[in-house]
Amino acid sequence: MGPIMKFQVVVLAGGMSKKLFPLVSKDVPKALLPVGNRPVLSYVLELLEANNLKDLIVVVAGEDAAVRVGGWITEAYDGRLHVEVAAVSEDIGTADALRAVLHRLVVDDVLVVSGDIVSDVPLGAIAAAHRRKRAVLTAMLCSSPSASTAEAISSTGKDKAKKPSPIDIVGLDTSHQHLLFLASGTQVDKDVKIRRSLIRVVDQMEIHMDLMDAHLYAFNRAILQEVLELCQGIKSIKQDLVPYLVRSQSKFGAIASGDTQTEAVGKTPNKDDSGQPQTPMQDIVPLPQHILPGVLHPASLELTCCVYIASEGKYCSRVNSIQTYGDINRDVAGELVFLTGYTVSNQNNVIHPTAEIGSKTTVGPQCMVGDGSKLGDKCSVKKSIVGRHCRIGSNVKIINSVVMNHVTVEDGCLIQGSVICSNVHLQERANLKDCQVGAGYIITANSEHKAEALSKREKS
Amino acid sequence: METRRGARMVIDPKVRQVGFVTPGSELGRPAAPEPPGAAAPVPVVANSPSPVIIPLLLIPDTSSLRTTPLPVPSPPSRRVVAAPPADDSMPLGSYNPSDAILGSSQGSSERTGNNDKHGSAPTDSLADMSLSNASTLAIRLEGLNVTNDGISNVLSTSTVRSAVAAAPTSVEHAFQTSSGQGIIGSVPAVSVDMAAAANPQAGIDPRPMPLKDRTSKAERRAIQEAQRAAKAAAKGVGTDIAAIADGNVANEVKSSKPSSQKKGLSEKKPAVFSDKKPVVSSDKKPVVSSDKKSAEKASEKDKRKDIPAPRMQFDDEQRVAKAKRRSLIEQTEAKNRVELFRHLPQFLHGTQLPSLESKFFHEDPLHPHPSVFQVGLQYLTREIVGGNARCIAMLMAFRDMINDYSTPMEKTLVRDLTAKINSHVSFLITCRPISISMGNAIKFLKTRIASLPVTVSEFEAKHSLILEIDRFIQEKIVFADNEIVKHAVTKIRDGDVLLTHGSSCVVEMILVRAFELGKKFQVVVIDSRPRLEGKGLLRRLLGKGLHCTYTHINAASYAMQGVTRVFLGAASVLSNGTVYSRVGTACVAMVAHALGVPVMICCETYKFHERVQLDSICSNELGDPDALVEVHGRKDVYSLRGWADSKHLHVLNLMYDATPADYVSMIITELGMVPPTSVPVILREYRKVPYVM
């Protein structure tokens, strides 16, 4: 049985992420970063599994990371998914990573998914939109969370936000189906330049700032291969490949005459037109192309880039910064708890049955406590996630934070808005606010940290 | 309804009044105007009577109906309506002469002369056969029992005759001999008889039924089917039976007599088989039942073979539920459907796409081939519209499917592939009802599959099918369009003002071609809400540099002044010359006709269909009613918003309408320019040696 509906899936799981320093380390590649006590990658894999996509290629940057990710996948999904893990060298772009697995792609279309998406969008809808438009590229857009929280960030002060999360500038046609322009906010300095020829072709374009590219794309395999082979300069999917395809689309134009096919992207490969009726006579008036783009004349397939805009009720977010990491953790513990598959207690929180909770300790709603964790007396956990096998003393307050596995927190600590990685030791009465603590770090007693990134390497 | 008809009659007295007409209005015009052209070109070949004749027999029947005091006249009048569409359940696009015979209720005098090979000749002789000849009949039967149809006809006739003659012994004798040697051959005959016997009853049954106000659609359907089976049985039998089988039970004497005949026959026959005693009946009941069983089975089979499944009637709840279970798409039926159009499928728009999308990756036995799925999606979202485009897209998808096809173990390619095509077609139908042209193409493909030799290998079979599909597209669509353009361009002269409606790809090709040839003319594009397809055409024409005028259909009468030619596309042309096309076409054609502007319909012959349709009610497609409610870019037009909540409002968005042949001056096909009356000729002459074989 071949791939279903002629789609193959590539998951770009990434390796080390600079943006997520110090959460991500050699031991914990980005794909395995726990979100709601489960690795980020599991959300993607389960989304794919729910959509019956079981043959996956997972690309991981870095050999070590690949081994770890591969090990975890075989352990967790043995028999459920058929996953090939491919390792690529670190420090290469996403397009390069895709290029590395290009030879394994054989069927019509490829779904490229970033490994750090937490979402419940129906993938079938994206694939269907891609297919029915015969698009070269279909990008999923979701309403950008940064649009709503942007003011909140700026108001809470510059020290907290490392960078406002990049805003994508998206140009759509009036029907909200075609992608006409895409630039990520980080690339744009001041002005957005849009070529006049584009406007001439499409008449109207809507510029959206409230949409975010979710890094979930469907590509036409043949064109993807050709582009990646021809243009070695393309490094990143988001920054190079997608804008390139979008630009070349407007050269052809959905409406403009599609005869200029000597473009670099140009010629769509004439796949299997062996039996294609060839018109023997010269004076044949070809059927107007608009009636059947690409059916009668597969060689003249127009390059169209489409979008699928996730509907309002759907969640889609990426773990690509500390900020979003915290947000997503809170969301997962809260309203998205169904994604994790945990059963929710009456108090609207998830406490593993093997977790021990001391007397007079309160675990508020929208919290998670992993298995084997011990909480001492008179603790308070609010809007936080506590990982597995943590030992937490008494009189500890954990608010708005993520505490990963095997963390030891001694009595009287106060943790606010922070991320504590695995194996961290917090000595008595440590006070953390808006900090990120790397794995294995030891915080001395009575110390107070505010908006700092603490990690072992830094210390040594 | 009545007033509308009346109005139309005022405008154009030539219109045949067959549709929703009371018998009274019919009475005044006994000889329904049969266009002479229909019969003229091919007068002799009565084998496939030109469908225009059909109303001829119906009208006397209705008049007789009117004279007989029937308790409730509604069912017969309904019958009149239903009789012509009886044809439409024929296999789409097939041209089967025997079916055509079934469809018509012609007199035997015309038919038996040179009817089909096996059926009629014996019948003819039987008619005059004396009882002493019965034994020779039996011998004849033996000779004939190879052909099921033929034998059935013969047997039924003979038995009927014998019953009338009331001299059963010799006949019985004949049967003994025949049943002894040719019993296998005679089984179908029995079955047909049973069906025939059952049917007049079914035909009579509705008389008490109308007492409960109205028959449901399902019941009417059942009756109609039964009658059709009766026709099948009566094929080749004399006029009287055919007329009865036609369902016109008006004349009480007439109706009761043959039915009693048949009843006698059905009872008698087992008797003949079992106890060899003349007629009388008491100890034969069990035999009847056992015989009946086999007979029923056979008749079922026969029915299935002869009569393809009728089109789905969407007011038949059971069937709809059944179809839903089998369908991949979950669809919610729309509420507030317009009463007259309840039999057409209508689903809440917007519910189908998400359900289909969610199924995209799911493995499901119902899951179609990816290409077919894609085409289905494109139909659903109206990404592919237009008869040619849809047909080509479907064929290309089937081509892909055949390409990827491999015969499963223990199955034969012919059967399995046909079943597969069927399931894919029903998937496409759930996405959007298929057009007549697509039906023709499917029919073509299936005949090709069925006619594959058994010995051919899978690879060769696939290859040949793919070639056939390519050939069909090439010959029937691409080349045909070119020919149409060539013909049509000759009709465009300098200084012409051409008018078109909507967006037809052939018409567009014609206009562009004429422009390229340097003809100087103007184009008036008439458009209509809600799809506003004319805008696309207008844009493309303007892009080419043509001089255009654009207006909406409500200005048709004004825009028509000064127009010298009207070019229109068609979804289908039916054998009575009716043009079935995008809604609005009829209106444009009527205005043109009233102002004396010639109306040219451009249509490839693969879109022709032998169905006869007099209105646009029986078969049509319903669009999204919301499309009428919302006006794009007009936020101030909101009075209809939330209409679905109102019980008193039904919004009807029809997709097609039927233009009567009288409004059509000429149909431009790839075979030349023909008057609408010649459509049956094309159907008959060019389908006989179809793209098949």
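Two residues are in contact here when they have heavy atoms within 4.5 Å of each other. With that idea in hand, welcome to this predicted model. By that rule, H215(A) touches V112(A), V113(A), S114(A), I117(A), K238(A) and R318(A), leaving out residues up to four places away in sequence.

**A closer look at H215(A)**

- Find strand β12 of chain A, which covers residues 211-220, and you will find H215(A) in it.
- Is H215(A) buried or exposed? H215(A) counts as buried because its relative accessible area is 17%, and the cut-off for buried is under 20%.
- One residue on its contact list, R318(A), also makes a polar contact with H215(A), side chain to side chain, at 3.1 Å.

**Chain A as a whole**

- Chain A contains eleven helices and 33 strands.
- Of its 460 residues, 56% are buried.
- Take the contacts in chain A between residues at least 6 apart in sequence: 54% of them join residues at least 24 apart.

**The nonpolar cores**

- The largest nonpolar core holds 140 residues, and those with the most contacts inside it are L33(A), L41(A), L48(A), Y325(A), L426(A) and F398(B).
- Which element gives this core its largest share? Helix α19 of chain B (residues 387-404) does, with eleven residues.
- Apart from this core there is another one of 41 residues, including L105(A), V227(A), Y244(A) and L303(A).

**Backbone details worth a look**

- As background, most residues other than glycine have a negative phi, and most peptide bonds are trans.
- N37(A) is not a glycine, yet its phi is positive, near 65°.
- This asparagine, N37(A), sits in the loop between β2 (34-35) and β3 (38-39) of chain A.
- With 8% relative accessibility, N37(A) counts as buried.
- N400(A) also has a positive phi without being a glycine, at about 55°.
- Its place is the loop between β23 (397-399) and β24 (402-403) of chain A.
- N400(A) is partly exposed, because its relative accessible area is 30% and that class lies between 20% and 50%.
- Over in chain B, R529(B) and P530(B) are joined by a cis peptide bond, with omega about -5°.
- Look for P530(B) in the loop between β2 (521-527) and α24 (534-544) of chain B.

**Paired strands in chain B**

- Strands β5 (residues 572-574) and β6 (residues 579-582) of chain B run antiparallel and are joined by two bridges.
- Across this pair, S572(B) stands opposite Y580(B) of β6(B).
- The hairpin of β5(B) and β6(B) has four residues between its strands, and in it G577(B) has a positive phi near 90°.
- Strand β6(B) also pairs with β9 of chain B (residues 656-659), in the antiparallel sense and over four bridges.
- Which residue of β9(B) is the bridge partner of S581(B)? That partner is D657(B).

Note on methods: Residues are numbered from 1 along each chain as its sequence is written. Chains are lettered from A and ligands numbered from 1 in the order in which they are written. This is a predicted model: local features need pLDDT of at least 70, side-chain atom pairs count only at pLDDT 80 or more; totals for chains, interfaces and linings use all residues. Side-chain values use heavy atoms; hydrogens and water are left out. Buried means under 20% relative accessible area, exposed over 50%, partly exposed in between (1.4 Å probe, protein chains only). A polar contact is a pair of N or O atoms within 3.5 Å; within protein, one must be able to donate a hydrogen and the other to accept it, and residues adjacent in sequence count only if both atoms are side-chain atoms. A nonpolar core is a set of buried Ala, Val, Leu, Ile, Met, Phe, Trp, Tyr and Cys residues joined through side-chain atoms within 4.5 Å. Two strands pair if DSSP finds at least two bridges between them.
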